[in-house]
Amino acid sequence: MDDRSDEILVAASCEGDKNAYAALVQRHYRHVFAMCFGMLANIHDAEDIAQDAILKGLSKIAELREGVQFGRWILRIAGNLCIDLIRRRKRIKRVDAEYPAITQKAINENHDLHGAIKKLPKELRVPLVMYYFDGKSAKAIAERLNISHSGACQKIRSARQQLHELLTGRL
Amino acid sequence: MNSDCEKMKDFIADMVTGTLSQQDTEILNQHLSQCPACRDYANELKKEDLLLSELFNSLNGEMANRQQRVLNAIESCSLPQQKSTTSIWRIIMKSKIVKLAAAAVIIIAAVLVLYPFTSGTPTFAQVIQPILNAQTAILDIIVGEEEAGGPVIHDMIMGSRIRRTLSNMKSAISIIDLEAGKILALDTEKKEAAYVDLKGLPPMPNYMEILRNVIAGLQEHPEFTVEELGEREIAGQKLIGFRATHPKAEIIIWADPQTALPVRIEQISGQMKIICKNLVFDVPMDETLFSMDVPEGYTQQQVELDLFGATEEDFIEGLRIRAEVLEDGQFPDSVAVEDYLKQAPAMAKKMEELGLSKEEETELGMKLTRYLLFIRFFKGEGEWHYAGKGVELGDADAAIFWYRPKDLETYRVIYGDLSVKDVAPEDLPK
């Protein structure tokens, strides 16, 4: 794993070093995916949009003024693309033949949970999803979303409470 | 469940997500030992937490494959071609030196223009010359329109230090040390001093030297245009003008046609207008006026300030303080920097009346400073919009502020109850 800082990797990417950009992807992809899944509540859509965001970042890396902000910047691109998709109300269908059985199985078994997650409002679903993808660190979520730690905790708390209400049929 | 249970539900959710403090955990455990309903609630949330963890672990299991598909897609793309030499203006605009310059010494922005210019009258290069050669300078700075009656900032510059005073706060003096990245703020009436560490600031040993290097580099930039404005009478004086334009800023310099000395500089940057006037160069200075030592008999504090780190949250907190603490429940008429400067003495007086401790006063002051920095170093796209005049704190239907963050097509809209929503451009308040 490349241990150079984001700032250095961005600078190297701007110089044409694709391996540097790949290192940035390896470091940030999971958070981009988590953001997309949180926004869209659909794995296939999240995969597609996350990839689009990464490729858009590749084409626009020279416009990033502060390399240290790469994480937040790529998340904003992803969020923007998610909003575009939601606006277009596009459904992306895929043949699931190659889709890993384990994940589909997990969703089938947790259908109620997945359905409840989908019903959460976006502003709560995104931090909740990122929290569970990110090793349950509210501090990390706060940094990525550029909100306060207390703000992140409050959103995660509200998300958990609403999720419970949805699962127990009270909402 | 009893009336405590509603509060305990929040505690339970925080406990399950691992964000509950030690103190609150003890309170919760005490409650759970006596409340079966809350115990049941806690158990349900814990079970759901396990299910959530399982679900996301299984989704995580595929992460490596997903990531590899993306890396494969990257392989077939090429990185955009970079210019072999990055425009000097882009380097300078990225540089915090330039950004700081606009804050600490407004005159820098006025000289970020140089275009070889031939004319029978004084040339732009000649007009700039005193600024290039000067070792000291004195000037007055006005933020906003001159007729608006705002306060005048008076600066004396020597090397890397600036001594700054405000016309509407006679007892306040700041010594800004750009080399050390520090400000010494003095209140000569209360005999109080505060050292402010400016985070994120690169050291600038010789301010005027850096200025000269910046100007020299800018000469090559293709995006600058300079327009001759001819001769005009301003405040009873005949002056010759030059307008220099760049996508990010517009600067007008007025000079004495006889001496070629710059007399007045106007800069438009974003939504701020800055006027520098009464310029004098190479004035002998008393070094003791720039001392960074706390005078005898003053109490002293130390604070840190990140000039460029103010967030939307800092801005919202500042709005809350202004409405709740300083303006009797209503939002201020304006959030522009020049209006803040005008209102600073009244706000300082109101803070005194609150009877706060020194520490509380400092904390409040720092919060308001970060609120101001959000506007001063606005990082969004285009302009921000404020509509909070006359709006009461708590009015959830009234949109009071909106802006577009960079790289987003939606706007962030702040409402009178200080909630925030992402709103599409077509749905913005009219």
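What percentage of the 430 residues of chain B count as buried? In this predicted model, 49% of them do, where buried means under 20% relative accessible area, exposed over 50% and partly exposed in between, with a 1.4 Å probe and protein chains only.

**View 1. Chain B as a whole.** The secondary structure of chain B comes to twelve helices and 16 strands, these being DSSP runs (H or I of at least four residues for helices, E of at least two for strands) numbered from the N terminus. Its accessible surface is about 20800 Å², of which 49% belongs to carbon and sulfur atoms; such areas come from the Shrake-Rupley method with a 1.4 Å probe, and for residues only the protein chains shown count as cover. Among contacts in chain B (heavy atoms within 4.5 Å) between residues at least 6 apart in sequence, 55% join residues at least 24 apart.

**View 2. Strand β1 of chain B and its two partners.** Strand β1 (residues 136-143) of chain B has eight of its eight residues buried. In a regular strand the side chains alternate between the two faces of the sheet. Here B:T136, B:I138, B:D140 and B:I142 lie on one side, B:A137, B:L139, B:I141 and B:V143 on the other, and all are buried. Two strands pair if DSSP finds at least two bridges between them; seven bridges join β1(B) to the antiparallel strand β2 (residues 152-158) of chain B, with B:M156 as the bridge partner of B:I138. Six bridges join β1(B) to β11(B), again antiparallel, and here B:I141 stands opposite B:C276, while B:A137 stands opposite B:F281. Strand β11 (residues 272-281) of chain B is itself mostly covered, with seven of its ten residues buried.

**View 3. Aromatic pairs around B:F315.** The structure holds 18 aromatic pairs over all chains, counted for rings of Phe, Tyr and Trp (its six-membered ring) whose centres lie within 6.5 Å, with planes under 30 degrees apart called stacked, over 60 edge-to-face and the rest tilted. B:F315 and B:Y371 form a stacked pair, 5.3 Å centre to centre with 5° between the planes. This pair links distant parts of the chain, since B:F315 belongs to helix α10 (residues 312-326) and B:Y371 to helix α12 (residues 358-376) of chain B, 56 residues apart. B:F315 also forms a tilted pair with B:F401, at 4.5 Å centre to centre and 50° between the planes, and B:F401 lies in strand β14 (residues 399-404) of chain B, 86 residues from B:F315. Both B:F315 and B:Y371 are buried, and so is B:F401.

**View 4. The largest nonpolar core.** A nonpolar core is a set of buried Ala, Val, Leu, Ile, Met, Phe, Trp, Tyr and Cys residues joined through side-chain atoms within 4.5 Å, and the largest has 65 residues. Those with the most contacts inside this core include A:Y21, A:I54 and B:F56, and helix α2 (residues 18-40) of chain A gives the most to it, with 15 residues. Leaving out residues up to four places away in sequence, A:I54 touches A:Y21, A:V25, A:Y29, A:V32, A:I74, B:V70 and B:I74.

**Notes on the model.** Residues are numbered from 1 along each chain as its sequence is written, and chains are lettered from A and ligands numbered from 1 in the order in which they are written. Local features need pLDDT of at least 70 and side-chain atom pairs count only at pLDDT 80 or more, whereas totals for chains, interfaces and linings use all residues, and side-chain values use heavy atoms, with hydrogens and water left out.
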